[in-house]
Amino acid sequence: MPLAPEFIPASRSPAYRWLRRWQFGLNLFLLGAALVLGMFVFRRALFLLFVVPVAFVPFSSARLRLHTHLEGLLRSHPRTAPFCGLFTGLGVLLDCVLIAQFLTARSGHAIPIVHSAGISWAGAIWFSAHGLLFLGYVLLDLGRLSGRLVRWVLHNVLAQQTVSPTTLISPERRQFLQHLGVLGAGAPFVFSLSGVKLSYDFRVEEREITLPHWPRELDGLRVAHLSDIHVGGAMNRERLLHMAALTNTARPDLVLHTGDFLTYRGGDFDAPLYEALARIRAPYGQWACLGNHDFEAPERLVQRLSQAGVTTLRNTLVTLPVNGHPLEVAGIDFLFGPFGMDAERYAQVVRSWGLRGPVPRLLLNHDPRAFARLPRGCADLVLSGHTHGGHVGVQLGRDHALTVVGLCGIPDQGLFRRGDMRLFVTRCVGFYGYPMRLGIPPEIALLTLRAPQPTPPQSTPGPVAISANG
């Protein structure tokens, strides 16, 4: 008896074989582009050699598995079978949009065809949805492997015969599971589409942070913490001006930036950034350190930030008179190297500032991973960004989220402690590259710094009166 159409593996179809060759060629093209751009045009493009196996190979794997599932479903019905070619062609078109946007994201001149209002998010949604699908497939495969292991143990160790699950699945149930699979496959696309609005849902998040040695004279100091603006693309003039207006509405005393103003690009794409920063008002100014994306032309960036009223602290420290009381603000450049971490290099920078006195100190350092390697007691509060709050995850509260970054042990957002030092990691304003923000909203952090409350004196018990009756 011949198999029903729905039982014919879609992986044997010409469309699947063609798509598999297409994905293989796509990854080879990206590797070749990385080598050519790295050697002859733009050496930082060699990061593609890392991105291809880490990001695009999993993307291709998810593409092929999803195609197999949906093509099998389409071919199982005579009315939908003709749509297989259209479905395959649409997927290839979106692949082309994704690659075009990815390769031109660092260009100073946007290409209207792939960066227009209706298409600019297509590549991001296409990529991020398949990234989520890949994670889902990995979890599904792990579940299946665990199930097979359990069945093997039951059959061989406990000598219990098990019935193959496939013999228990009727055609009707198989069809139901196929339709259910379509809904499951569509969920990442819906989730990714929701990230478009979330990515620019700027909000001011207010917090009070009590520091163990913060002086009473500076109790209540309001600090606006901005990080990872990543100007360019959809982070346009309108959104940047909105960010500046929200910051002014928060009425900060001091504005501190922790890097990644830019995304390695050429041209004057960053002009709206300086216009927006110049509109921010704070009595004690704006101060910044540099992040890893700020080193394409750091001197130019520092100069333009200065013209906008932002002073960049490059491994330096300044003392500000705040309400008649001194306050030290220091900044450390992002340190490149193995994992970006070198405790001795951080120690050398801190030693160059001289012995620390009783003056309170705020330290700007882009990468929160450095907090564990900074010299003890080098600051009262360290401010960082870099992680975008975890970027992808489930926000469980204002300062708590379930993210891959956090599960890896990296400070992703909120307040962290190390002795008397504190680290605050903001969810940041912008984001970089693919995927977009998924589940983790951006923020403009407004921190009110508090001195510890004095311990109330303990009352001394007086003499106890004893009555005549005992």
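This is a predicted model: local features need pLDDT of at least 70, side-chain atom pairs count only at pLDDT 80 or more; totals for chains, interfaces and linings use all residues.

Trainee: Which residue is the bridge partner of Ala-224 in strand 3?

Mentor: Ala-224 has Val-255 as its bridge partner there.

Trainee: How many bridges join strand 2 to strand 14?

Mentor: Five bridges join the two, and strand 14 (residues 444-450) runs antiparallel to strand 2. Within that pairing, Val-223 stands opposite Leu-447.

Trainee: Is strand 2 mostly covered or mostly open?

Mentor: Strand 2, which spans residues 221-226, is mostly covered, with six of its six residues buried.

Trainee: And which residues lie on each side of strand 2?

Mentor: One side carries Leu-221, Val-223 and His-225, and the other carries Arg-222, Ala-224 and Leu-226. Both faces are covered, as these residues are all buried.

Trainee: What follows in the chain? Where is Asp-228 found?

Mentor: Asp-228 is in the loop between strand 2 and helix 7 (237-249). Its phi is positive, at about 55 degrees, although Asp-228 is not a glycine.

Trainee: Why does Asp-228 count as buried?

Mentor: Asp-228 counts as buried because its relative accessible area is 0%, and the cut-off for buried is under 20%.

Trainee: Which value does phi take in His-391?

Mentor: Phi of His-391 is near 70 degrees, again a positive value in a residue other than glycine. His-391 sits in the loop between strand 9 (381-384) and strand 10 (393-395). With a relative accessibility of 11%, His-391 counts as buried.

Trainee: Let us change topic to another histidine. Where is the place of His-67?

Mentor: His-67 belongs to helix 2, which covers residues 48-75. His-67 is also buried, because its relative accessibility is 2%.

Trainee: Which residues does His-67 touch, not counting residues up to four places away in sequence?

Mentor: On that basis, His-67 touches Ala-15, Tyr-16, Leu-19, Phe-87 and Thr-88.

Trainee: Finally, the whole protein. How many helices and strands does the secondary structure come to?

Mentor: The protein has 11 helices and 14 strands. Of its 470 residues, 44% count as buried.

Trainee: What of the contacts and the surface?

Mentor: Among contacts between residues at least 6 apart in sequence, 74% join residues at least 24 apart. The accessible surface comes to about 24000 Å², and 64% of that belongs to carbon and sulfur atoms.

Methods. Residues are numbered from 1 along each chain as its sequence is written. Side-chain values use heavy atoms; hydrogens and water are left out. Buried means under 20% relative accessible area, exposed over 50%, partly exposed in between (1.4 Å probe, protein chains only). Helices (H or I, at least four residues) and strands (E, at least two) are DSSP runs, numbered from the N terminus. Two strands pair if DSSP finds at least two bridges between them. Contact means heavy atoms within 4.5 Å. Accessible areas come from the Shrake-Rupley method with a 1.4 Å probe; for residues, only the protein chains shown count as cover.
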